[in-house]
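Subject: Structure handover

Hi,

Here is the structure you asked about. Please open it alongside this note; the findings follow below.

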Amino acid sequence: MSQHEFQARSEFIPGVVVPEGTNGAANWLLFLNDKPVIIGGDVKNPIPYFDKPARMGLKVLKHFYLGQFRGEACYGASLDPLSDLPVEYVTSELKTLLVRLPQSWFQLWGMAQQILTWDRNHQYCGACGHHTQFHPTERAKVCHDCGLVNYPRLSPCIITLVTHEDKLLLGRSANFIPSLYSTLAGFIEPGETVEEAVHREVKEEVGVELGSLEYVKSQPWPFPHSLMLGFIAEYHQGEIHLTDDELEDAQWWPIDKLPLIPPRGTISRSLIEFHIGRYRKRAEQAV
Ligand SMILES: [Zn+2]
């Protein structure tokens with residue numbers, strides 16, 4: 001991210017309908033009791049790869065096609081809670097995969113989890129109460145009684161690194177692990193622009209006003225269905241004042257004396273590292 005890189009997703013082609021001629025082994029993004037099932041041990045690619053779940057002794061409750069990753073089919077599936085897993089398979093946490101896997105693989109797991117959750121929560125039509133069914137060619141669930149169509153739910157959020165000279169404004173919520181401080185985040189309200197949400201959230205959470213904003217990058221955040229839009233903002237005015245219950249502390253931190261920050265793989269970490277790298281480079285050039 002030396003310059004802003006708004007990249008196309010080149011390795012993955014999403015799809016709803018399995019392309020003709022697709023058969024044989026595929027990547028299976030399995031979930032047991034809502035937890036990802038991976039191949040345990042120190043393996044390079046922990047994603048189960050086989051042709052038929054039954055041949056692995058797995059009982060699939062529901063499965064759906066996700067698309068093709070590096071030319072190979074990918075399916076998401078929920079397993080019967082009573083399934084016995086092959087000995088090398090273990091359950092994991094989606095958040096663990098975020099820091100363990102390359103982003104493109106994590107995005108696939110996140111996609112599978114979001115579709116499973118959306119399917120489970122939209123079994124019935126919200127308007128008339130009848131059963132819904134998958135649309136044959138689109139990622140949608142349809143009520144054939146009243147015609148209502150539901151698409152997978154996404155909840156856009158802003159996440160903002162507030163900066164001032166060589167300092168970063170980081171806050172901590174009471175449910176963070178001890179000593180961890182992070183950038184500020186919040187959901188976008190109906191009727192609000194993304195930029196307005198950045199100004200409002202920061203003002204609500206820490207009481208300061210912002211100057212200019214810079215959009216940097218985004219990250220799907222499937223916990224359970226957010227999409228993080230990452231900004232770097234310049235401080236304008238005001239003292240830190242915790243005005244709602246979201247944070248238990250917020251402070252200005254010099255860039256060479258940061259507290260514990262979120263792990264690699266998170267957009268928060270990436271915004272912090274991007275800003276510090278650029279700040280130091282500019283400082284060097286100014287000498
Ligand atoms: Zn309906």
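Start with the term donor: an N, O or S atom within 2.8 Å of the metal (3.2 Å for Na, K and Ca); water is not among the atoms, so sites may look incomplete. The model is predicted, so local features need pLDDT of at least 70 and side-chain atom pairs count only at pLDDT 80 or more, while totals for chains, interfaces and linings use all residues. Residues are numbered from 1 along each chain as its sequence is written, and side-chain values use heavy atoms, with hydrogens and water left out.

**Zinc site**

Along the chain, the donors of the zinc ion are spaced C-x2-C-x14-C-x2-C. They are the SG atoms of C125, C128, C143 and C146, lying 2.3 Å from the zinc ion. The angles between the four donor atoms run from 100 to 119°, so the arrangement is tetrahedral. (Four donors count as tetrahedral if all angles lie between 85 and 135 degrees; four count as square planar and six as octahedral if opposite donors are over 155 degrees apart and all others between 65 and 115; anything else is irregular.)

C128 and C143 link distant parts of the chain, 15 residues apart. C128 sits in the loop between α2 (103-121) and β8 (132-134), and C143 in strand β9 (residues 141-143). Helices (H or I, at least four residues) and strands (E, at least two) are DSSP runs, numbered from the N terminus.

Buried means under 20% relative accessible area, exposed over 50%, and partly exposed in between (1.4 Å probe, protein chains only). C143 is buried at 1%. C128 is partly exposed at 30%.

**Aromatic rings**

The whole structure holds 11 aromatic pairs. Rings of Phe, Tyr and Trp (its six-membered ring) pair if their centres lie within 6.5 Å; planes under 30 degrees apart count as stacked, over 60 as edge-to-face and the rest as tilted.

W28 is in strand β2 (residues 26-32) and F50 in strand β4 (residues 49-50), so the pair ties together parts 22 residues apart in sequence. Both W28 and F50 are buried.

Another pair is Y215 and F231: centres 5.5 Å apart, planes at 70°, so edge-to-face. Y215 lies in strand β14 (residues 209-221) and F231 in strand β15 (residues 226-237), so this pair ties together parts 16 residues apart in sequence. F231 is buried at 5% relative accessibility. Y215 is partly exposed at 32%.

W28, F50, Y65 and Y75 form one aromatic cluster.

**Helix α2**

α2 has 19 residues. From first C-alpha to last it reaches 26 Å, close to the 27 Å expected at 1.5 Å a residue. (The expected span is 1.5 Å times one less than the number of residues.) Of its 19 residues, 15 are buried, so α2 is largely enclosed by the rest of the structure. L116 lies in α2 and is buried at 7% relative accessibility.

**One arginine**

R172 is found in strand β12 (residues 167-172). R172 is buried, at 8% relative accessible area. Its side chain reaches the backbone oxygen of L180 at 3.0 Å.

Best wishes

Terms used: Polar contact = N/O pair within 3.5 Å; in protein donor to acceptor, adjacent residues only side chain to side chain.
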